[in-house]
Every structure is written in C-alpha cells, then in structure tokens.
Amino acid sequence: MARTDHSFPAGSGSPAAAPAALRGRGAVTNVRHRFQRDDRVQVDDGWSSSGLPADFVESVPDSFSSDFPSEFPDQASDVADVRSGSRSGSTIIPILPDTRIAPPLPKTTVTAEEARKMLSRNDSPDIPFDVAVNPYRGCEHGCVYCYARPTHSYLGMSPGLDFETRLVAKANAVEALRAELGKPGYKPSPINIGSATDAYQPIERDWRLTRGMLELMLETRHPLTIVTKNALVARDLDLLAALAEQKLVVVYMSITTLDAGMARTLEPRAAAPWRRLEAVRSLTDAGVPVGVLVAPVIPFINDESMEHILQESKAAGAHYASYTVLRLPWEVKTLFEDWLNTHYPDRAQRVLHRIEDLRNGRRNDPNFGSRMRGTGIWADLLRQRFAVATRKLGLNRQRLALDCDRFQPPLAPNATASLFSTGQAGQVGQGGQTAQTAQAGRGQGAGFAQAAGASSTDFLSPVGAQASSGVPFSDGLPALSGAVGRGARQLRALAAGQLSLFD
C-alpha cells in the first residue's frame, strides 16, 4: 500500500464554515455538478444581524417612520441622537433586526417522463448481474453517501439537494419493460431492481411502478433480485411470495446502522433500522429468501456496528450477508465532506484520512477489483471481521438457484392468462395460434435444469464466491459471452476475490 501523506489536511472544508443541516435531508447544500459552467456563491456582507444569508435580508431604508421607536425600542436612542444632531460625524444607520422567518425547506417534486427503454445492461466484472431496472431518477431517501447521486448531473441538476427533492418517475415503466421482454430473441437473466436508486422510496406509495413491474415479472416467470432500504417492500409480500415459490426472487435489505439517531442524519428518509429488520422477518416468514447488506461501511462512523447488524439480521431470518466500503465518486466527495463537518466535526479529518488509507492514498478508487472493499491493512481487517461474524452466525451457508427456464414472453395485448398458474401456460400470438410452454414441477426442478443445459442461473452465497455484494454470484466461472473482454475481466475479479453489487 502506498504511504499517505498526512502533512496537509485531507479536507478543504472547515467545520466552522460548514452549512447548517436541513431536517429530513441528507445533503446540506446543492453542490456544483461537473457539467455546470458557472458557479454562484452566497456572501454575507455583514448587514444582517439575524445570521440569515444576504439574499434573505432587505436593504436598510433611507428614512424611518415616526413609529420606529415603538417598534424597535432598543434602537430608539440611536435614532433620537441622529435626528437631534447630538452625535457628530456621518449619519448612523442602525442595523434593523430581521423579523422575517428563514426560507422554507425544499419540498419533494416529481416529474413524469416517458422512458424509451427500461433494461440497463453492464459488463462490469465486479457486479454479479448483467441487467438492471430503475423506475425512478433521484431518490428521496437522501442517503448522503449514495454513489448514484452523480447521475443527476446528466439531467442538469445538482447531485446534492436536487437529487433527493427533484425526482423523475418513468410513468410508462411497466409498458416499456413489457415491450423489451417481448422482443424476439430475448434471453432471460436475473434483473436487478434498485441498482441505482431505491425502487421502494417514499414516492412508490403513490406511483406503484415497482409493484407493476413485479406483476409483470410474475406474469412472465422472470427471475429478479431486489435491493432496498425501505420496509415498503413488505407491501408486495403477495407477489414476492408467489415469485419465491418458483425460485424467481431474492430480496436484499441494506442496513447501515442500528442507531436511529445516526440513521436520521445519514439516510434521513429511509425506513428506520428496526422497521427494516421487521421487513426481513416478514419476508422470511412468507418464504422469501432474504439477504442483508452492511453497506456502506464508513470508518469511525458505523464500522463498529458490523457484527451487531449481522447478529440482528440473522435473528430476523436473513440467510445471506455482505458489505461494501464507502465510495466517494465525483461530487459525492464534496457532499460527504460537508456532511461530516456538519454532523461530526470532531472526527471529520480522521474519517477522511482513514478513507484515504483504504483507497491507496486517494479519496476514491474507481478500479475494478478494489473499489468495493478497499485495499491495505484496514481493508483486510474488515474482511476478517466479516468472515468471522458470518461463520459464527451461520450466514452464507446455503445456495440459491434462480430459475431462468420458467420464462414466458409477455402475452399479446388481447390475451389473458392466470398470474398464479404453475402448470402449462399458453400464449396467444397475432395469428391466433397457442404456443404451449412446458414448466418443471417443484420436485423436478433439478432434473429439468440438467436436461435444459445451462439456462438456469445458479447463484452461490457471497462467501462461497467471495462476492462483496448481497447478490450471490453464479456457480463456477463466469460465461465468456456478452461484451468483448467481459469474461477476462470477470476472471481477474474472481482471482482477486473482489466481486460486488454496487457500481
């Protein structure tokens, strides 16, 4: 590991000049995004005695009304001296107390858009899925560490407060996904829901786009994985239980801390930690396989909670577990530093220095094989702690196979079929013909998979494949099909033991 020079402060910000925290929001300001050509900075010229920014203070009037002494008795003597001329020199203009209230907190707004397509494909060697779906842009959870914040820059918005207040909903998400699944030659592989922004963020209660996609997944028998921080996932227990019966789904709950106070500042609008554990218990009782992600691990903030989180998750019924180390890509570096100086000014520099130790002297490491869990002695210590805890708790001992052989292309617009049928399924085409698709019974799943070849995606536990994501990686070596060079990069990542979910 390269030696880190700590002779200079790791952060350029000052705790004394840190922005004030906003209730219910993770970011404390709107940072300048990397595509922005101009920059605006608020400056206090000293004319305000209220402490409000200069933009919220009006100029001092040239004259004062006769009732000024009654309104502001503290300034009455100064005004009397000025009017009587008892004071020599230039005219004294008293600073008026600002009686106005602070500006209101930013409200969440949602804009609808029509998506041209929903499936997002990647060839990253340390992400154990090829296809992902995100029904929303931006996330109201407001997690200050979110690696997806820089994506808001592509919309011309700030990765700061804009990311958690100016949201975009893909109103036609279900229809667009249906069209893509119905294309000729489509080959199913597990689709991850929530790889970038949380599909169960608060606005899902009204928009219900994620539930619509789950209904489509059940209709087509398509395998999927879900990553979320919200207990709202338990709302769709009926669909998830039906998918789990056919080995088509696994849910991963991300739990960063069990401290409710820390969670309110770190991820203010995500579900409380105890509610996430209750959701894990509800899903497990319904037969849905559940894993837990301790992500991200932040030095001197939540790293001491790893074993406690794993213990409580196991008690709630989780079978799998994994973790990732904090990543600070692009504008997230500035946002996280401001958050540290606002909420933890006493340890801000210590946290930033330890992150540099984990990242080979840098604040962020974008390299495959090391970006998820870091390098050096501190990264090795985290690996050992995680390995010992999971071994003692009995996590990551089971294998889970998501079945890709059950897939049926979406029905034609005028065709109907039962969502919960487990036997033969017919699909009506444009010519009126019916195509029968044979389905494997519950007791014939293994034999059918062997007879069908390698079309069933077999997932190992994260420990078995040394994956740093909650989504277990496929059994054996990864296939060499797909984008050019993907197989070689996956082999290198496997050899390094650094496979992960988060990009």
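**Reading contacts, burial, charge pairs and patches**

Biologist: What share of the contacts in the protein chain with a separation of 6 or more comes from residues 24 or more positions apart?

Modeller: Residues 24 or more positions apart account for 77% of those contacts, where contact means heavy atoms within 4.5 Å. This is a predicted model, in which local features need pLDDT of at least 70 and side-chain atom pairs count only at pLDDT 80 or more, while totals for chains, interfaces and linings use all residues. Residues are numbered from 1 along each chain as its sequence is written, and side-chain values use heavy atoms, with hydrogens and water left out.

Biologist: Which residues is N364 in contact with, leaving aside its neighbours within four places in sequence?

Modeller: N364 touches R327, L328, P329 and R359 once those neighbours are set aside. N364 and L328 are 36 residues apart in sequence, yet their C-alpha atoms are 5.3 Å apart in space. N364 itself lies in the loop between α12 (348–358) and α13, with helices (H or I, at least four residues) and strands (E, at least two) taken as DSSP runs numbered from the N terminus.

Biologist: Is N364 buried or exposed, and how much of the protein chain is made up of buried residues?

Modeller: N364 counts as buried because its relative accessibility is 16%; buried means under 20% relative accessible area, exposed over 50%, and partly exposed in between (1.4 Å probe, protein chains only). Buried residues make up 50% of the 503 residues in the protein chain, which has 16 helices and 14 strands. The accessible surface of the protein chain comes to about 24000 Å², and 51% of that surface belongs to carbon and sulfur atoms.

Biologist: How many salt bridges does the structure hold, and what do R235 and E204 tie together?

Modeller: Side chains of opposite charge can pair when their charged atoms come close. The structure holds 21 salt bridges, each a side-chain nitrogen of Lys or Arg within 4 Å of a carboxyl oxygen of Asp or Glu. In one of them the side chains of R235 and E204 meet at 2.7 Å, N to O. R235 sits in the loop between β7 (224–228) and α7 (237–245) and E204 in helix α5 (residues 204–207), so the pair ties together parts 31 residues apart in sequence. R235 is partly exposed at 27% relative accessibility, whereas E204 is buried, with a relative accessible area of 0%.

Biologist: Which residues make the nonpolar surface patch?

Modeller: I377, W378 and L381 make that patch, of about 280 Å² (areas come from the Shrake-Rupley method with a 1.4 Å probe; for residues, only the protein chains shown count as cover). Patches are made of residues with over 30% relative accessible area and no salt bridge, like charges being joined within 9 Å and nonpolar side chains (Val, Leu, Ile, Met, Phe, Trp, Tyr) within 5 Å. I377 is found in helix α13 (residues 377–393) and counts as exposed because its relative accessibility is 58%.
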